[in-house]
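Please read it alongside the sequence and the coordinates.

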Amino acid sequence: MTSSLLWVALCLLLPSPFRAFKPLFSLDGDSLTHRQITVRAVLRKTAEACQSLATAEGRGFSLTIDDSLTVTKVQRACSSDGSALLSFIAFHTAVAKLYFSNALVDVAMALSEKHHFDDEAFSGGRDVITSGVSAVKESVKAQRFLSGRLVLGRVCHTLQDFYSHSNWVELGNRVPYTTLIRPDLPLSNLADPSTPTCRNCVAGNCSDNILSEVLQQGLLTSGYFNLLSSAKPAGKCSHGGLFDQTSGQDAVGGINKDDVGASHGHMHHVAAEVAVDATTELLEDLRAFAGDRDFLRLMGLSQSSVLCFVIDTTGSMKDDIAEAKRVSFSIIDSRRGSQQEPSAYILVPFNDPGFGPLLMTTDANIFKQKINELQAKGGGDIPELCLSGLQLALTGAPPSSEIFVFTDAPAKDVALKSTVTALIESTKSVVTFMLTDNLRSSRRRRRDTVGGTSNRLAESDAQLYRDLARASGGQAIEVTKAELPQATSVIQDASGNALVTVFQVSRTPGKPENFTFSVDSSIQNLTIYITGGSLSFTMSSPTGVSQNSQTSGPLGTMATVGNLRRIRLNSANQTGSWEICIISTESYTLKVIGQSSFNFIYNFVEENTGAHGDFSLKEGRPLSGANVSLLVTVTGSDTVTVSEVSLVDASGSREVNGTLRSLGGGSFLVTLAEVPEGEFAVRLRGEDSAPSRSQPGSGFQRQASTQVKTSSFSVTALSNSTVLEPGSTVSLRFTVTAANGTSGTFAVRATNDRGFVSASLATISTTIGGTAEGTVTLTAPASTASGTDITVTIEVENTGTSDTNYAVLQLSVVTKITDFTPPQCQAVTVSASNCPVVCSHGDAIWELSANVTDGNGTGVDRVTLRLGNGTLNTSTATGAGGENVTVVSYTAPCCSDAVELVVIDRAGNVGRCAASIGKAVTATTLATTPAPGANVTGSPVVATTSSGGRCASLSLGLGVALCLLLGGLL
């Protein structure tokens with residue numbers, strides 16, 4: 001364990017020891033990175049899934065699927081309503097999760113040869129891929145797409161490294177090695193452990209260092225790598241590069257193709273392109289397993305936001321529950337079937353002593369049913385488990401969600417405040433509290449210190465909710481129960497498409513202040529929220545028109561309810577610079593929102609100097625006063641120019657501007673000399689060069705909702721595996737590093753959203769140099785359902801200063817899969833006797849009958865129609881040997897002359913069965929990628945029943961077309 005923890009520190013302190021395609025950025029401008037490889041494959045396969053859905057629904061799909069795809073192009077093409085406003089945040093965020101998870105392998109698994117296909121670890125590398133794919137499929141089955149996405153990113157890294165670290169492309173291969181994602185196929189023609197594979201490079205030139213006999217025999221090998229030792233088998237190839245100690249031993253040099261300057265850099269682009277195709281092939285297997293709709297959810301493509309409610313169900317909440325029902329039903333009924341219909345519905349009830357379970361569904365009727373079943377009852381001692389319910393929502397909802405909490409009671413689980421704050425910062429979700437008074441003491445008796453009753457939250461109780469709302473960029477709306485129906489207009493606003501924050505500030509305590517913000521021509525439905533007690537304000541438009549806080553006026557319509565003032569601005573003359581002057585000595589918040597496709601996402605990254613000069617994701621809070629880097633991506637436009645990214649101090653006293661470097665595709669690397677002390681938000685300004693919006697005053701401004709805190713120390717947590725089996729225990733290592741290198745004592749608190757048993761030291765102390773190391777153990781009960789995800793939050797607090805920081809890890813519980821054999825398919829009949837030679841749109845049909853079995857495997861789970869406009873029916877029967885048989889019957893019009901079936905077994909293995917009556921029976925070629933050095937032979941197509949009319953042929957995909965020998969991936 002000590003050596004493992006030392007490696008964590010080594011990864012953080014040494015110049016980048018990465019040995020793969022560069023993780024994120026290519027600073028030479030010519031090399032492809034893991035990020036680019038992953039994004040290309042994701043966009044290709046996402047576009048194909050959207051195209052398939054559009055065809056099935058009879059819609060057009062006008063997008064050329066090539067390497068010029070962008071997130072914006074793909075999502076616009078996937079939209080069923082081309083004129084609708086779209087939010088691109090979810091898709092961009094999901095893609096970023098994939099490539100950041102991919103890049104993390106170079107840190108978390110830096111010394112594992114199997115995770116990088118080093119040291120000829122082909123069997124171990126394939127095991128990493130296939131077990132990871134099984135975990136992704138289990139997450140999809142459980143509808144836990146975020147955890148599936150994180151595992152998928154890691155799997156893609158290992159798969160992509162094969163093409164950079166092995167001699168696959170040097171052997172002349174230009175297609176993926178499908179065997180890596182097909183564990184039922186043998187790994188063959190591998191170089192023997194004692195067989196020399198390389199010669200010394202000459203004067204630093206390694207272009208011809210692989211032995212000719214290795215190439216002639218088609219032997220598969222990979223380079224050896226070791227950061228600390230030069231030992232390797234004699235004559236074996238090395239990885240090569242500055243940090244590879246083995247590359248100085250015979251055979252000297254290396255064969256990696258990580259970038260154009262690597263040992264085999266002349267083959268870099270070939271390897272990268274095959275890695276793109278291999279990643280696409282892997283995604284196709286997942287798409288076939290999940291179906292197009294769930295595959296798009298795994299990729300994070302959604303056209304609208306989720307509707308997420310966290311509701312107190314104790315006795316005094318009857319009116320609140322009724323209003324939650326009313327507003328949710330109104331949203332559902334008014335938007336059902338439209339582009340604005342919520343992409344998912346989430347409901348988390350809480351009371352005391354219980355909370356949850358979390359319901360997540362895409363079926364509005366199920367959500368209606370569950371919220372209808374909520375009953376206001378009980379309550380007892382008043383405080384409720386509000387933060388426990390909110391924790392579930394934050395870990396269950398997609399990142400950047402809008403979450404609404406309904407309660408009239410203080411939180412009993414106040415100790416979770418720091419955990420919830422960490423999750424808010426990590427997920428960038430916005431939390432709004434609907435806080436109502438308890439005006440009827442008969443519903444819930446609230447006893448004060450002398451035994452009387454109170455119908456109002458204590459100030460300290462309300463302040464907890466205000467603090468959490470402010471941290472997230474949400475609001476704490478305080479109203480009576482009678483006023484609640486007026487206040488829920490905020491929920492209607494927030495559930496609209498493409499919501500953006502233009503400007504946001506909070507002041508505690510309040511003070512008179514002038515605020516300015518810019519509105520661009522893309523903004524629609526501009527709305528201003530002001531919360532606070534006694535205050536007045538005056539707002540002025542770009543044309544000089546003013547309106548005060550007393551009435552509705554020429555600029556907009558104002559509604560006041562409780563502590564909330566909502567001003568809906570008129571649609572005319574909004575573009576330009578606005579000003580609001582607020583006068584108050586009490587705390588207040590100001591938030592300006594609108595609807596626009598333009599927005600941005602950001603992530604903190606940290607530089608790794610040295611050989612690769614790349615960056616990696618920086619989790620947790622940034623260090624106070626230190627320099628910082630951000631990866632900023634503009635969403636919703638490919639024509640935007642960013643002119644300024646700044647960190648705005650929460651008090652408004654300071655704004656730090658960054659230096660921008662364009663990375664292409666709307667992404668920018670932003671470096672700042674320091675971060676403001678305390679709390680800050682990220683603000684972006686720029687111009688859109690699109691002809692329709694390039695008029696004067698077209699500059700835009702956006703602000704991230706989340707308030708980011710700083711810390712005087714960092715917390716870094718790593719896990720050797722993100723997957724554990726039911727009944728097993730995982731150890732999560734973490735390191736605390738003080739910014740100034742001083743010693744100190746830190747309290748440790750580890751929580752998880754599943755309530756699983758975990759353990760860690762209560763305190764740890766930094767040593768000389770300012771570092772401390774610790775471990776959190778977590779045990780998943782044996783009864784845990786496969787596909788369950790767990791979010792672990794490790795919080796660390798300096799006991800001397802109360803300064804805190806955190807690390808968040810996502811894990812998945814997956815039952816071990818031992819069945820990797822796809823189902824088998826056997827033709828019974830294909831009848832096309834009624835089909836004319838020339839297709840006509842009459843009533844003539846053709847029929848297919850086939851039997852599908854899974855041998856000794858887990859059994860057939862489902863058969864779905866991938867291609868064809870006919871009718872598919874399945875039934876079960878018992879075969880002659882007692883095996884279970886799924887009988888497939890398919891009927892289609894003769895003009896729909898081809899069918900492709902996807903067959904999934906219960907272990908997630910995928911096979912395809914294809915039939916066509918459109919051409920004569922001919923021989924086809926097995927196009928599955930052969931083992932290195934193997935010969936490719938043809939396979940005949942089996943003729944099937946066909947009398948008269950058109951010819952019929954049958955095939956089963958074993959990588960491509962084979963005759964009903966259902967073998968797996970195309």
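1. Basis. This is a predicted model, with residues numbered from 1 along each chain as its sequence is written. Local features need pLDDT of at least 70 and side-chain atom pairs count only at pLDDT 80 or more, whereas totals for chains, interfaces and linings use all residues; side-chain values use heavy atoms, with hydrogens and water left out.

2. Confidence. pLDDT is the predictor's confidence in each residue, from 0 to 100. Its mean over the protein is 86, and 88% of the residues reach 70 or more.

3. Overall make-up. The protein has 16 helices and 45 strands; helices (H or I, at least four residues) and strands (E, at least two) are DSSP runs, numbered from the N terminus. Of its 970 residues, 57% are buried, where buried means under 20% relative accessible area, exposed over 50%, and partly exposed in between (1.4 Å probe, protein chains only). Among contacts between residues at least 6 apart in sequence, 72% join residues at least 24 apart.

4. Cores. A nonpolar core here is a set of buried Ala, Val, Leu, Ile, Met, Phe, Trp, Tyr and Cys residues joined through side-chain atoms within 4.5 Å. The largest has 77 residues, and L152, F162 and Y163 have the most contacts inside it. Helix α8 (residues 268-290) gives this core its largest share, twelve residues. Beyond four places in sequence, L152 touches L98, V136, L282, L283, L286, L298 and M299. A second, separate core of 33 residues includes A393, L394, A422 and L423.

5. Helix α4. Does the length of α4 (residues 89-108) agree or disagree with its residue count? It agrees, because 20 residues at 1.5 Å a residue should span 28 Å and the end C-alpha atoms are 27 Å apart; the expected span is 1.5 Å times one less than the number of residues. Of the 20 residues in α4, 17 are buried.

6. Residue D30. D30 is in the loop between α1 (2-13) and α2 (34-56). It counts as partly exposed because its relative accessibility is 42%. Beyond four places in sequence, D30 is in contact with V260 and H269. The C-alpha atoms of D30 and G261 are 9.8 Å apart, although 231 residues separate them along the chain.

Conventions
Contact means heavy atoms within 4.5 Å.
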